[in-house]
Amino acid sequence: MDNKISPEAQVAELELDAVIGFNGHVPTGLKCHPDQEHLIFPLGCTILIQAINTQEQNFLQGHGNNVSCLAISRSGQYIASGQVTFMGFKADIILWDYKKRELLARLSLHKGKIEALAFSPNDLYLVSLGGPDDGSVVVWSIAKRDAICGSPAAGLNVGNATNVIFSRCRDEMFVTAGNGTIRVWELDLPNRKIWPTECQTGQMKRIVMSIGMADDDSFFYLGTTTGDILKMNPRTKLLTDAGPAKDKFSLGVSAIRCLKMGGLLVGSGAGLLVFCKSPSYKPIKKMQLQGRITSITLRGEGHQFFVGTEESHIYRVSFTDFKETLIATCHFEAVEDIVFPFGTAELFATCAKKDIRVWNTSSNRELLRITVPNMTCHGIDFMRDGKSIISAWNDGKIRAFAPETGRLMYVINNAHRIGVTAIATTSDCKRVISGGGEGEVRVWQIGCQTQKLEEALKEHKSSVSCIRVKRNNEECVTASTDGTCIIWDLVRLRRNQMILANTLFQCVCYHPEEFQIITSGTDRKIAYWEVFDGTVIRELEGSLSGSINGMDITQEGVHFVTGGNDHLVKVWDYNEGEVTHVGVGHSGNITRIRISPGNQYIVSVSADGAILRWKYPYTS
């Protein structure tokens, strides 16, 4: 039998329905487009264009690594984005056409990382700052899509520049600022030179985190790590004033925005959003948000604005009553697991680091969040009756929550020694099977009030990565990173069969007819095994690079899906052993993947915190 994927077989594209995700760590990464209808923000290597009033999403894909900064031209015609890359390699800036949603040019000069980008007011130039290993500032001509000139961004005896902003009126002036350096630059186009002037701040030594320019170029404002704001005059290059004198902003001024009517919107590292005015900088209006504020972007003149925080929350705030509405949330850590409740595709649950979230499938809205601080959740499963979510935690506890309210129903303490790494439930809702970091598989009897250990099965030598239970609850299969899969008899509580392979197994599935199982792991092979005697039936090359971490099979057993470190979602024909569809869209390693009950969607989750929903390619 031919195991290779034949290149002649036509592989179709999977249709991406929706993305839940926003990388809140990128400074000023959330932007409102000048058409006032779209939000633009980064997620991994992708840039999302999200319509504000509808569910419509577009994706700009072209970066080979995570997006580190984003800028939109004043007219809204261009988007520029920069990325990080490995030490010593060139990091690209990509210039995009907003209307056509396509790549115009790759501008490649800086090494390591693009720190910040800014467009000139009439879309003539783009200025870019290299990261700490690069340290240069470069001015690009947008018409020629080529560099005009460059220069080291900061002097020899000061730190790196991390922020750049263009003048609002002139195409020839911009400002860079960073650790102990504030410079106003003039572009001399005939001589292809940029000339810096250091700004004098006297005795004040500050590290600049954020920067904002007044609409008429009269002043620019610098937010610092100390939690105060410096107001500078770009013509005299002198400090006009600084404040607040008391009650500085906790954890630094991480975002700053000038309003046309005068006054500043200031976001702090502690999540405080403040409207204040020079020279006192005392809060006139304020509100507390969740997570450190990294972006403030105005919609139009600023009657309404959007705020992005590091915990990946996007808020809409109306200026007049200063009330916030949470419009988007998502995970800001690697997502470890995804699971659908039995028989319904209307909602699903995911877990990442300290929280479990329940989502509405069609609207992409978060319905419920369950948080256990300072712990990591490794796996979740719904009980068949839908009355509880069972979760596996790294402190060795199994916790059960009510799915409507998030109330803690019961805890099994010390379920495993080195954390609980995998979990599964039986369809009669009477048992929970858990796997631990030390390799034990434990069967728990769940009563109305009691949870009792029925048996501890000690065979695996290393952590259990995946557990699947047979439909009649009489046997289950556990996959482990010690290179074995074990099929257990749940009636006699003994081992039935053991499968050995030279790999770290990451995922396992029963074929619906339950005489075969399919496994995969770090050796990138998808193997079909006979349940009866544990022999291998066939092996397929699952991916060209990287481990396969997630796998799920349809209820009919005709197709199955896989996802892994090559960032691709693949749909396979079970009998032919060939890939029929490929989904491109993830920019992190895919950790888990599921087909919804009723075969409507495929939902995949990844290590960059993204949740992607794909249209299932076949009608069932």
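Student: How far apart do the C-alpha centres of domain 1 and domain 3 lie?

Tutor: In this predicted model, the C-alpha centres of domain 1 and domain 3 lie 42 Å apart. The contact takes five residues from domain 1 and five residues from domain 3.

Student: What are the bounds of the domains in the domain assignment?

Tutor: The assignment gives domain 1 as 23–250, domain 2 as 333–461 and domain 3 as 501–619.

Student: Why is Asn23 called buried?

Tutor: Buried means under 20% relative accessible area. Asn23 has a relative accessibility of 18%, so Asn23 counts as buried. Asn23 is found in the loop between E2 and strand E3 (31–32).

Student: What makes Pro42, Leu43 and Gly44 contacts of Asn23?

Tutor: The criterion for contact is heavy atoms within 4.5 Å. Pro42, Leu43 and Gly44 are in contact with Asn23 when its neighbours within four places in sequence are left aside.

Student: What does the side chain of Asn23 reach, and why is that pair a polar contact?

Tutor: The side chain of Asn23 reaches the backbone nitrogen of His25 at 3.1 Å. A polar contact requires N or O atoms within 3.5 Å, one able to donate a hydrogen and the other to accept it, so the value of 3.1 Å falls within the cut-off.

Student: Which elements and domains supply the lining of the largest cavity?

Tutor: Strand E2 (16–20), strand E5 (46–51) and strand E6 (57–61) each supply at least two residues. Domain 1 and domain 3 each give at least three residues to this lining. Among the lining residues are Leu43, Phe59, His586 and Leu612.

Student: How do the residues of that lining divide by class?

Tutor: The lining of the largest cavity has seven nonpolar, five polar and no charged residues. Gly counts as polar in this scheme, and Gly585 is one of the lining residues.

Student: Why is Leu457 called buried?

Tutor: The cut-off for buried is under 20%. With 6% relative accessibility, Leu457 therefore counts as buried. Leu457 lies in strand E42 (residues 451–458). Leaving aside neighbours within four places in sequence, Leu457 is in contact with Gly439, Glu440, Val441, Val443, Trp488 and Leu493. The C-alpha atoms of Leu457 and Val508, 51 residues apart along the chain, are separated by 18 Å.

Student: What makes Ile211 buried?

Tutor: Ile211 has 12% relative accessibility and counts as buried, because the definition asks for under 20%. Ile211 is found in strand E19 (residues 208–213). Not counting residues up to four places away in sequence, Ile211 touches several residues, including Val164, Val175, Tyr221 and Ile256. The C-alpha atoms of Ile211 and Thr176 are separated by 8.8 Å, with the two residues 35 residues apart along the chain.

Note on methods:
Residues numbered from 1 in each chain as written. Predicted model: local features only at pLDDT ≥ 70, side-chain atom pairs only at ≥ 80, totals over all residues. Heavy atoms only, no water. Helix = DSSP H or I, 4+ residues; strand = E, 2+ residues; numbered from the N terminus. Buried < 20%, exposed > 50% of the residue type's maximum accessible area, 1.4 Å probe, protein only. 1 Å grid on protein atoms, 1.4 Å probe; cavity = no way out; pocket = protein on both sides within 12 Å on 5 of 7 lines; lining within 4 Å. Domains from an automatic or database assignment.
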